[in-house]
Amino acid sequence: MADLPTKARVVIIGGGVVGASSLYHLAKKGWTDCVLLEKNELTAGSTWHAAGNVPTFSTSWSVMNMQRYSTELYARLGEEVDYPMNYHQTGSIRLAHSRERMQEFERAKGMGLHQGMNMDILTPEEIKERYPFIETHDLKGALYDPNDGDIDPAQVTQALAKGARDMGAKVVRFCPATGVTQKPDGSWIVHTEKGDIDCDYVVNSAGYYAGRVGEWFKPYGGRTVPMMVMSHQYLLSEEIPEVEAHTKATGKKLPLLRDVDVSYYLRQEKHGYNLGPYEPRGRAHWADASDPMPDDFSFQLWQEDLDRIEEIVTDAMERVPLLGESGISKIINGPIPYAPDGMPLLGPMPGVKNAFEACVFTFGIAQGGGAGKVLAEWIVDGVTEWDMWSCDPRRYTDYTDHQYCVDKGLEVYGHEYAMHFPWHEWPAGRDRKLSPVHDRVKDLGGVMGAYNGWERANWFAKPGDDTSEEATQTWNRKGPWEARIREECEAVRDACGVLDLPGFTRLWVAGEGADEWLRGFVTGGLPRVGRMNLVYVADTRGRVLTEFSCIRLAEDSFVLITAATAQWHDGELVRNSVPEGVTVSETTTERDALLVAGPTSREVLAGLTDADLSQGWLTHQHCTVAGQKAFLVRVSFTGELGWEVHAENAAIPAIYDALLGAGAKPFGMYALNSLRMEKGYRAWKGDLSTDYSMLEAGLERFVKFDKPQEFTGKAALLAEKQAGRTKAFVTLVVDAKEADAPYMSTLWQGGEIVGETTSGAWGYRVNASVALAMIRADLAVPGTEVEVEIYGERCRAVVQPDAPLWDPENARLRA
C-alpha cells in the first residue's frame, strides 16, 4: 500500500473506474503528483458488480463522444500499461419493434458516422444471420454497432490505476476520506483516517456515496448532490451447449443483444448468458429513513427480487428460446446511482471553487474512459474538447430536492432505453417552480414543459385537443400541437401575442469599476446608459461560453440577463470574475417576465402604460403597466415589434390579465422557437456552445478586436481570423418531409460529411423547414446545396444569405 503523501495537486475521492480513469488522464497530461483515495479496495462500489457493457450508442453528441473514446482507449490500454484485460468487442444488435425506433437508430447511425464510427442498419433477415438463435418475426430491424461489447470492470479499473501509478501518481487503498477543509487561498485539506493531504483541487468521485461526500462541501458553497440509488438486477444463466458450439465454430462471442422496446440487454457470458432488465416498476434504495444507507456496502449485494423482472425475463426467453432452456446460476442485485436525467455529474462542483465532481455514473464502465479524459481537461486546461453541458453538474439548480431525485431516478430507470421525442415531457418531478400566473396559463390551455424546474407553456390547447402523453410519441412535426403553434405564430405575426416566461436569470452587477471589468470580460462593446445589447463571453480558445443581454442602468450599473438553464453556470462565471468592490446580486426568482410581441403590441400596451412607447429598439425604461411598477425592455426574440415586461411577482397577474384583456393572445415556447429560428437567433447550448468559436458561430460583429482590454480568447480569435475559420454558421431551408432536423443531424454533399445542424424547426411565417447549421467554411455560400440527414432520410437543403429569413432588414422589429 502506498504511503499517504502530505501534498498533492489533486485528490480524487473514490476508487471506481471513473476515479481511476481521472487519475490516469491527469497523469497523462503531466499532473503526476495526484492521489486517489479509496476507503476499501479499488472497484468496491458499483464498479465491481457492474455488468461491464461498453456501448457507444447515445443520442447525446457529447455522451457518444465520451463512450466512443472509452472503446478506443480500452482497445489499446492493456498493451499500453502491460496489464492483460478481457475486452470483447463483439458488436451489438439493438432491436426495433416500431418505425419510430428505426428512425432513432438512423439518427444515431448518422451521428456515429460523423464521429468516425460505422454503425449499420440491419433487416430482420440480417439480424438472423448475425444471431442464429433469435426470433425475428415481429421486428422492424436493428442497429448494429461493431464497436460495442463488454469488458471486465475490475480489470479495466486496475489497468487504469496501474497506468497512473507507472507515471508517478499514487493510489492509497483502505484509506477512507473523512472530510475536507478549504483554506483561505481556495486550496484544500482532505482529511483521512491516516492523516491530512494538502491539495489544490479535490474531486468527488465517490459513486453512490457521492451524496455523503458532497455534504462536506456545503460550508464552502456546496449543495446536496442531486442523486438517488436504484437496485439493478441481472441474471447469469448456466452454460448452454449451443452457445459453446457457436463460439468454437466462429471463433467469437455472439453479439450483445438489446431489446430496447422491452427494456433489457442479453449478452454471452462465457458459454451462457447475462440478462440485464430495466424494469418499469423499479426499486429505489436508501431513499428514506426506513432504509438508511450503511457506512460501508463494499462488495455487498441485496437479496434478489425476481417478481419485479419476471415479465421481462419471460419476454427475453421468447426472443431467444435457448435462454429459456437453461437454468439460472446466479442473480446479482446491486446499487447503481442515478441523477435525475440519468446523465452523470461531471465537471465543476456548483458553488465551490477548485472542486469537481465525477460521480453518479449510471453507465460508469462505458463512460469511464471518456469521463477521465474530460475531467483531466477541465482541471488542467480549464476547458474540454467537447462541450459537456449534458453532464455538467451546474445544469441542475435548487429544485432538485430528495423527493425529486427519487421520483426522476425511478422514472429514468424504468425508461432506460426510452426514445426522447421532441414533443414529449416526462411527467415525474413536475411543478417545482411556478410563475405568478401559472394557474391562469393552465386555464387558458397551457400544455406545460419544465425549463430548469420552471413550468412554462409549450403550446396552448383548445377543447378537444389530444394532450395525452401517447400523442407525443413521434418524431414528426404533425400532432395536436401543430395547428395551435401555427395559430400562435400567426397571432404574433399579424397582431399581438403574450408569453409568460418565468426563470430568466437576472444578475445585477454594480459598483465602481463594473464597466471596466465588463469590457474585459466580454468579447465586444458595452451599451450606453439607457440602452442594451447582446454580449458574449469566450473561453481561452475563443469558443462560445455564454451570451447575455446586457442592460446598462448607469455608468457602473448593469443587469445581465441569461437563460433559465444557465443560472448556476453563468452566475458562477460572473461571481468568480468580478473584482473587489463590484457586487453581484440576483433577482431570478423574485421577478417574472412577459414577452409582448407583434405589429399591434404598441397599441395593446398604449392603453395600459405610462411608458414612452416611441423609444427605439434596444432601449429600456421604468414605468407602470396596468397600474403596477414594471421595467420595459424594447427587445423581441420573436423578430416582431415587441417588449419584455419585467416586474415583481406580485405585479404580474394584474399585468398579464390586462394584456389579455387588451387583445394579446397567449403563445408558448414551441411558437417562440419557430419564430426565433426564422430570425437566425441562436439558442444557448444548441447553436451556441464551446464546440464552436465566436467566428465559426458567425458572431464576429460581437468581437471588438481593437479594444485595449485583453478579453479571454482574444489571442485565439485573432489567430483564427488570420488563418481563416474552418466551419461557418449558416441558415438552411430544408426540403424536409414529416420531421424537421433535430440537433446534430449530419450534413452531406457528394457522399462526404460536411457539417451538422445545431437546431431545426418549421417556420410558420416563411412556410418552410428551417435549420441552423455548422458547415465547412467553403460551402457557406448562398445557394449551395447540401443534404440534411433527418432520421435516416437525406433531404435537400439550400444555404441562405447571411441575414434573417424573416424580415431580413429588421424593419418590423424597429417599427
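These legends describe close-up views of a predicted model.

**View 1. The largest nonpolar core.**
This core has 53 residues. Phe105, Tyr338, Met694 and Leu699 have the most contacts inside it. Several elements each give two or more residues to the core. Among them are helix H2 (61-81), helix H3 (99-114) and helix H11 (402-414). The strands include S12 (228-237), S17 (328-338), S24 (532-538) and S36 (768-776). Two domains each supply at least three residues: domain 1 (7-213 + 226-338) and domain 2 (726-814). In soluble globular proteins, nonpolar side chains tend to be buried together.

**View 2. Surroundings of leucine 699.**
Leucine 699 is in contact with Tyr536, Val544, Arg682, Leu688 and Met694. Neighbours within four places in sequence are left aside here. Met694 is also listed with Leu699 among the core residues that have the most contacts.

**View 3. A second, separate core.**
This core has 46 residues. Ala20, Tyr69, Leu160 and Ala376 are included.

**View 4. The salt bridge between arginine 281 and glutamate 311.**
The whole structure holds 58 salt bridges. In this one, the closest N and O atoms are 3.9 Å apart. Arginine 281 sits in the loop between strand S15 (272-277) and strand S16 (283-285). Glutamate 311 belongs to helix H8 (residues 310-319), so the pair ties together parts 30 residues apart in sequence. Arginine 281 is exposed, at 57% relative accessibility. Glutamate 311 is exposed too, at 63%.

**View 5. The salt bridge between arginine 440 and aspartate 657.**
The N to O distance is 2.6 Å. Arginine 440 lies in helix H12 (residues 438-443), and aspartate 657 in helix H17 (residues 652-661). The pair links distant parts of the chain, 217 residues apart. Arginine 440 is partly exposed, with a relative accessible area of 33%. Aspartate 657 is also partly exposed, at 36%. Side chains of opposite charge can pair when their charged atoms come close.

Arginine 519 and aspartate 515 form a salt bridge of 3.7 Å, N to O. Both lie in helix H14 (residues 514-521). They are four residues apart, about one turn of the helix. Aspartate 515 is buried because its relative accessible area is 15%, under the 20% cut-off. Arginine 519 is partly exposed, at 26%.

Notes:
Residues numbered from 1 in each chain as written. Predicted model: local features only at pLDDT ≥ 70, side-chain atom pairs only at ≥ 80, totals over all residues. Heavy atoms only, no water. Core = buried A, V, L, I, M, F, W, Y, C linked by side-chain atoms within 4.5 Å. Buried < 20%, exposed > 50% of the residue type's maximum accessible area, 1.4 Å probe, protein only. Domains from an automatic or database assignment. Contact = heavy atoms within 4.5 Å. Salt bridge = Lys/Arg side-chain N within 4 Å of Asp/Glu carboxyl O.
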